[in-house]
Amino acid sequence: MRVMVTGARGFIGRHLLARLEADAAVTEIHGVHSPAGGALPPTTRTTWQNLDLTAPGAAEALIAAARPTHLIHAAWITAHNDYWESPTNLRWLATSCDLLQAFLAAGGTRFVQIGTAAEYDWSHGYMTEGVTPERPSTLYGAAKKSFHDVLQTAAAKAGCSAATGRVFFGYGPFENAGRIIPYACRQLAAGEPAAFSSGSAWRDFLYIDDLADAAIALLRSSLQGVVNLSSGDPVRLADIVTRLGEISGRPELVQLGARPDRAGDPPMLVGDSTRIRSTGWRPAHDLASGLASTYRWWASARG
């Protein structure tokens, strides 16, 4: 296996590399990262490719040089809040198509797209592959869904195996600091109040190590089409931040109801995890251990 990971410096990508490097069956690892950004994660076997993947001809040159047999496409716009409606989603849709075309032309055998729960119709709450309607309400979700459709059709015509792993709510070290769990951890670690809405919404959270393991299990499997990368277990946001307050030893700093609930926020977003569990994958962390590890990391990294 010659595996390429795009977005390899990102939240999900860096955790994928750690697992691939420990896998003796993987003979080559290529990590793709943009010239902008922070330090690269420590690696021993990864060949780093530093380039702007969205530049004209970049995808073709990259695939021609590395000729991966397997590809996990985790790169996309991820700027917190901005990514939902950014026109840059259109650029990434075009780039992803270029990447796929080059991969198929080079004889690649397995392409896994890191997708998003935002490809579904969120009014359904509990989302099952092939059952829940796919009606994205954001440009981000629509662009990811459009590439999924292109991927499945083009790969099938080329005789290539392909899947989209739809990520729900991953959390853990290196997550975007603006999200709810990093915000709570940083505030509590600093001894500052952490203000939230009512926290009544239910979500599907998966610790990043388990999410990365699920993505690798998907890469190694023969599953095609949509596969939820989710825990399948709903948890209230209020319970998440309350637990973090207890872990930090500062429960009095958690201020539920200090902010208004966001208008139109879905009451529940949970993914059916039956398909990914059919690979033999199971989460290794429960919520308590995942949150404890996450809090420790953010407490040490907040400076």
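Reader: How many bridges join strand β5 to strand β7?
Author: This is a predicted model, where local features need pLDDT of at least 70, side-chain atom pairs count only at pLDDT 80 or more, and totals for chains, interfaces and linings use all residues. Residues are numbered from 1 along each chain as its sequence is written, and side-chain values use heavy atoms, with hydrogens and water left out. Strands (E, at least two residues) and helices (H or I, at least four) are DSSP runs, numbered from the N terminus. β5 runs parallel to β7 (residues 161–167), and the bridges that join them number 7.

Reader: Is strand β5 buried or exposed?
Author: Buried means under 20% relative accessible area, exposed over 50%, and partly exposed in between (1.4 Å probe, protein chains only). In a regular strand the side chains alternate between the two faces of the sheet. On one side of β5, Arg110, Val112, Ile114 and Thr116 are buried, and so are Phe111, Gln113 and Gly115 on the other. With 7 of the 7 residues of β5 (residues 110–116) below the limit, the strand is largely enclosed by the rest of the structure: buried.

Reader: Which strands stand at the edges of the sheet?
Author: Two strands pair if DSSP finds at least two bridges between them. The open sheet has 7 strands with parallel pairing, in the order β3-β2-β1-β4-β5-β7-β11. Each edge strand has a single partner, so one side of it lacks a neighbour in the sheet; these strands are β3 (46–50) and β11 (225–229).

Reader: What angle does the direction of helix α1 make with that of β1?
Author: Axes are lines fitted to C-alpha atoms, for helices over the stretch in contact, and angles run from 0 to 180 degrees between N-to-C directions. Helix α1 (residues 13–21) packs on the sheet, touching β1 (2–6), β2, β3 and β4 (70–73). Its direction against β1 makes about 165°.

Reader: Are helices α5 and α7 roughly parallel or roughly antiparallel?
Author: Angles under 35 degrees count as roughly parallel, over 145 as roughly antiparallel, 65 to 115 as roughly perpendicular and the rest as oblique. The axes of α5 (residues 180–189) and α7 come within 10 Å and cross at roughly 25°. The two helices are therefore roughly parallel.

Reader: Which residues of α9 meet α7?
Author: The axes of α7 (residues 237–248) and α9 (residues 287–301) come within 10 Å and cross at roughly 60°, so the pair is oblique. Contact means heavy atoms within 4.5 Å. From α7 come Ile240, Arg243, Leu244, Ile247 and Ser248; they meet Leu287, Ala288, Leu291, Ala292 and Tyr295.

Reader: How many nonpolar residues has the contact of α7 with α9?
Author: Ala, Val, Leu, Ile, Met, Phe, Trp, Tyr, Cys and Pro count as nonpolar, Asp, Glu, Lys and Arg as charged, and the others, Gly among them, as polar. The contact has 1 polar and 1 charged residue, and the nonpolar count is 8.

Reader: What separates the C-alpha atoms of Arg275 and Val227?
Author: Arg275 lies in helix α8 (residues 274–277) and counts as partly exposed, at 28% relative accessibility. Leaving aside neighbours within four places in sequence, Arg275 has contacts that include Glu129, Leu223 and Val227. Arg275 and Val227 are 48 residues apart along the chain, but their C-alpha atoms are separated by 6.1 Å.
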